[in-house]
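Please read them with the model open.

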Amino acid sequence: MLEAKLNPEVIGYNAGIIACQKGEQWQRVLALLGDMLGAKVEPDVTISYNAGISACEKDEQWQQAMSLLCDMQEAKLEPDVISYSAGISACGKGSQWRLALALLREMREAKREPDLLQLCHQRVREGQAVAADSVAAHRDV
């Protein structure tokens, strides 16, 4: 689109961001977000930032997820439940429990209700990982 001198819109960037997120290419997601800002196209919360935070969360890049949350707030965009939940999960995966708790507190202060379904799924995945480790430890004995 840029080579053809077309003015890309949010939808075009978001399509690329979602494709990169699904392909677990968090670096490319961040590059596209940077390109959006450079082209003076405003990223949105629902897709642009949330897909970026989610992509970072999936690849355990908690620092990048936190950076995106900060970028949103600097741009005067309000993180939603998905933004916070992905940020909390990223911090949890990075063993950054204090940051995760701070985000949970911030989410409550912003009157955003936690995504209980997502938090339950996270707990199930964590339980499965603990169970798998326990089984592996018993096999080694």
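**Notes on a predicted model**

1. Start with Gln 21, which lies in helix H1. The model is a predicted one, and every remark below should be read that way. Is Gln 21 buried or exposed? Its relative accessible area is 12%. The cut-off for buried is under 20%, so Gln 21 counts as buried.

2. Which residues does Gln 21 touch, leaving aside those up to four places away in sequence? They are Val 29, Ala 51, Ser 54, Ala 55 and Lys 58. Ala 51, Ser 54, Ala 55 and Lys 58 are also on the H3 side of the contact between H1 and H3.

3. Lys 22 lies in helix H1 too. Its relative accessible area is 65%. Exposed means over 50%, so Lys 22 is exposed, whereas Gln 21 is buried. The C-alpha atom of Lys 22 is separated by 7.7 Å from that of Ala 55. Along the chain, these two residues are 33 residues apart.

4. Now the helix pair. H1 spans residues 10-22 and H3 spans residues 45-58. Their axes come within 9 Å. They cross at roughly 15°. Angles under 35 degrees count as roughly parallel, so H1 is roughly parallel to H3. The crossing is left-handed.

5. Which residues make this contact? H1 supplies Val 10, Asn 14, Ile 17, Ile 18 and Gln 21. H3 supplies Ile 47, Ser 48, Ala 51, Ser 54, Ala 55 and Lys 58. By class, the contact holds six nonpolar residues, four polar and one charged.

6. Take the span 45-79 in the model. It is 77% helix and 0% strand. Its end C-alpha atoms lie 7 Å apart.

7. Last, the chain as a whole. How many helices and strands does the protein chain have? There are seven helices and zero strands. From the N terminus on, the elements run α-α-α-α-α-α-α. The protein chain has 141 residues, of which 31% count as buried. Gln 21 is one of the buried residues.

8. A remark on contact range. Consider contacts in the protein chain between residues at least 6 apart in sequence. Of these, 55% join residues at least 24 apart.

How values were computed:
Residues are numbered from 1 along each chain as its sequence is written. This is a predicted model: local features need pLDDT of at least 70, side-chain atom pairs count only at pLDDT 80 or more; totals for chains, interfaces and linings use all residues. Side-chain values use heavy atoms; hydrogens and water are left out. Helices (H or I, at least four residues) and strands (E, at least two) are DSSP runs, numbered from the N terminus. Axes are lines fitted to C-alpha atoms, for helices over the stretch in contact, and angles run from 0 to 180 degrees between N-to-C directions. Angles under 35 degrees count as roughly parallel, over 145 as roughly antiparallel, 65 to 115 as roughly perpendicular and the rest as oblique. A crossing is left-handed if the near helix is turned anticlockwise from the far one by less than a right angle, and right-handed if clockwise. Contact means heavy atoms within 4.5 Å. Ala, Val, Leu, Ile, Met, Phe, Trp, Tyr, Cys and Pro count as nonpolar, Asp, Glu, Lys and Arg as charged, and the others, Gly among them, as polar. Buried means under 20% relative accessible area, exposed over 50%, partly exposed in between (1.4 Å probe, protein chains only).
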